[in-house]
Amino acid sequence: MAALVALINGPAPAAPIAEEVSFTHDIRPVIENYCATCHAGVEPEGGFALDSYKAVRAQVETGALLERINDPKDPMPPAGLLPIQHRRLFKKWADGGYVNTGTRKPARRAAPTAAFKPPAIVPVDVSKEGFRFLAKMQGHWVGALWLMGQNYGWFAFDYRAIAPSHVHGIFEGGTMGNLFTSFFVTRFNGTRTIMARNGGILNGIYRTSYLVLDRVENVASEERYRFVDAYGGKRIMSIDVAFFGSSVRMESHTSRMGIREPTLHMRFEGRRRPSELATEAAKAVGFPKNVVDRDFAKGLPRPDWGPKHTVTSASYMWQEKGKTLVELARLAKDPYRIDQMPHVAKLHVKVKRDAATRGKKLLILLSERALVDKRGMFKTENGYLQADLANTILLFPEISGKQDEFTLTYLHPGTYYLTVVADVDGDSFPTPGDVTHPVRKVVVKPRSSESVVINDLTVGN
Ligand code: HEC
């Protein structure tokens, strides 16, 4: 069933372990909950998917799976060891001869969320306080990110106004998917407040979640803002943003839609880089004005999670191959779709490969300043791309060696330098040895959908 969403598939059974462990009843739910975000899709992590009986069995038979799920120093999932009863299932499944569906009747397990009662959410009234959050959030933030157990030493978010009371930023990951957060003024539960729309596409799963501002506080020298799930409250998910000096810290906590206690999902800490872009964008759209951007006074529509799942969150999800972003949004009943968002544009980048770049990962870099010269050589210091230029990179999707085109969505209009880098050494950064092309400037107009072709990706650095 296409609508079935791996993220919310029922929880794995608790101890004691049933006599017969089968793939369908026991193994698959664990895989879908804990592994499928990475080991699935077009370009799965580790180079293999865990998306079928055969595939999972193969990984258990080589010993790799049992080794890694029980290795506290290098665990799978990378975020930390699974509960012991989940880990035991795999060994028992192997010992029992890899039963597929088995004879056990599907147990009617009560999901812990079956009796879910949403809490009353009291939003912060931004006609009194908190509105300045939007102006503070704008800017090009450069720092480091921790996302689901992975560390990214260099990372950037480009938050700009797209309407008088709406700021938006996105991480375009390329083949792996994307992750965005936008903040806008709304009316919710009778109050004018700020709402966060957070989500993206990860390994083919479309998800957007809506959160509301329910706390503003000053602690020490930090200005802190908390957004909680607009249906399930902080028990389901939250985003905390703290500003201090010229820095920001953004953290999100998620509970896998309520099946466990919330844990840290991502953490970004960055400094605001001097950039004209946010100022220009604000001027172009008349930001900031304390007006309603999108009105949810009548409440958010009820998400459709299918008959088997109790809705615990204002999250809209869909998974289906071959659908466009807008089609997925409609199927998920997302109340604020990309085609309804003001100002943002799309840019399609197509790259011609030759023998030197075939099969190599491509970095598609959009920066505020040029990274290469007229001949296509990196502007370097000590042999490496100048750090102050690297820090002007705004978006940096990476596409696999098998792909040669990519569409940037939710793109801020403006003037960019586009640099496509064939990442010959596979280090995900423009470095000596990589192949690139002469400098290329692109102008992206509001709400446009343009294409560029790079057919001179031939300059060895
Ligand atoms: C956050 C992403 C992520 C999640 C979630 C994740 N993995 Fe992985 N996995 C990776 C990456 C990246 C690699 C390759 C690098 C490495 O081996 O550490 C990998 C490698 C592996 C390997 C090693 C294969 C080999 O040949 O050595 C196994 C086995 C594995 N994962 C199993 C699992 C299982 C089982 C789960 C769920 C219980 C899981 N992974 C969850 C990212 C993930």
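The iron atom of the ligand sits in an octahedral site, with angles of 87 to 179° among its six donor atoms. Donors are N, O and S atoms within 2.8 Å of the metal (3.2 Å for Na, K and Ca); water is not among the atoms, so sites may look incomplete. Six donors count as octahedral if opposite donors are over 155 degrees apart and all others between 65 and 115. The protein supplies His-39 (NE2) and Met-76 (SD), which lie 2.0 to 2.2 Å from the iron atom. His-39 belongs to the loop between helix 1 (23-34) and helix 2 (53-61), and Met-76 to the loop between helix 3 (64-69) and helix 4 (84-95), so the pair ties together parts that are 37 residues apart in sequence. Helices (H or I, at least four residues) and strands (E, at least two) are DSSP runs, numbered from the N terminus.

The structure is a predicted model: local features need pLDDT of at least 70, side-chain atom pairs count only at pLDDT 80 or more, and totals for chains, interfaces and linings use all residues. Residues are numbered from 1 along each chain as its sequence is written, and side-chain values use heavy atoms, with hydrogens and water left out.

Buried means under 20% relative accessible area, exposed over 50%, and partly exposed in between (1.4 Å probe, protein chains only). His-39 is buried, at 10% relative accessibility. Met-76 is partly exposed, at 25%. The peptide bond from Met-76 to Pro-77 is cis, with omega near -5°. Pro-77 lies in the loop between helix 3 and helix 4.

The ligand has 19 residues around it, and Cys-35, Cys-38, His-39, Arg-68 and Met-76 come nearest. A residue is near a molecule if one of its heavy atoms lies within 4 Å of it. Helix 3 gives the largest share of this shell, four residues. A polar side-chain atom of His-39 lies 2.8 Å from a ligand nitrogen atom. A polar side-chain atom of Arg-68 lies 2.8 Å from a ligand oxygen atom.

The protein chain is divided into domain 1 (6-95), domain 2 (132-340) and domain 3 (345-460). These bounds come from an automatic or database domain assignment. The centres of domain 1 and domain 3, taken over C-alpha atoms, are 37 Å apart.

Phe-116 is in the loop between helix 4 and helix 5 (132-137). Its C-alpha atom is 7.5 Å from that of Thr-310, although the two residues are 194 residues apart along the chain. Leaving aside neighbours within four places in sequence, Phe-116 contacts several residues, among them Tyr-231, Ile-236 and Thr-310. Contact means heavy atoms within 4.5 Å.

Asp-423 lies in the loop between strand 19 (414-422) and strand 20 (435-436). Asp-423 is buried, at 2% relative accessibility. The side chain of Asp-423 reaches the backbone nitrogen of Asp-427 at 3.2 Å. Not counting residues up to four places away in sequence, Asp-423 touches residues including Lys-360, Lys-361 and Phe-429.

Some backbone features remain. The peptide bond from Phe-287 to Pro-288 is cis, with omega near -5°. Asn-189 is not a glycine, yet has a positive phi of about 45°. Asn-189 is partly exposed, with a relative accessible area of 48%. Lys-333 has a positive phi near 65°. Lys-333 is partly exposed, at 42%.

Methods. Tetrahedral: all angles 85-135°; square planar, octahedral: opposite > 155°, others 65-115°. Polar contact = N/O pair within 3.5 Å; in protein donor to acceptor, adjacent residues only side chain to side chain.
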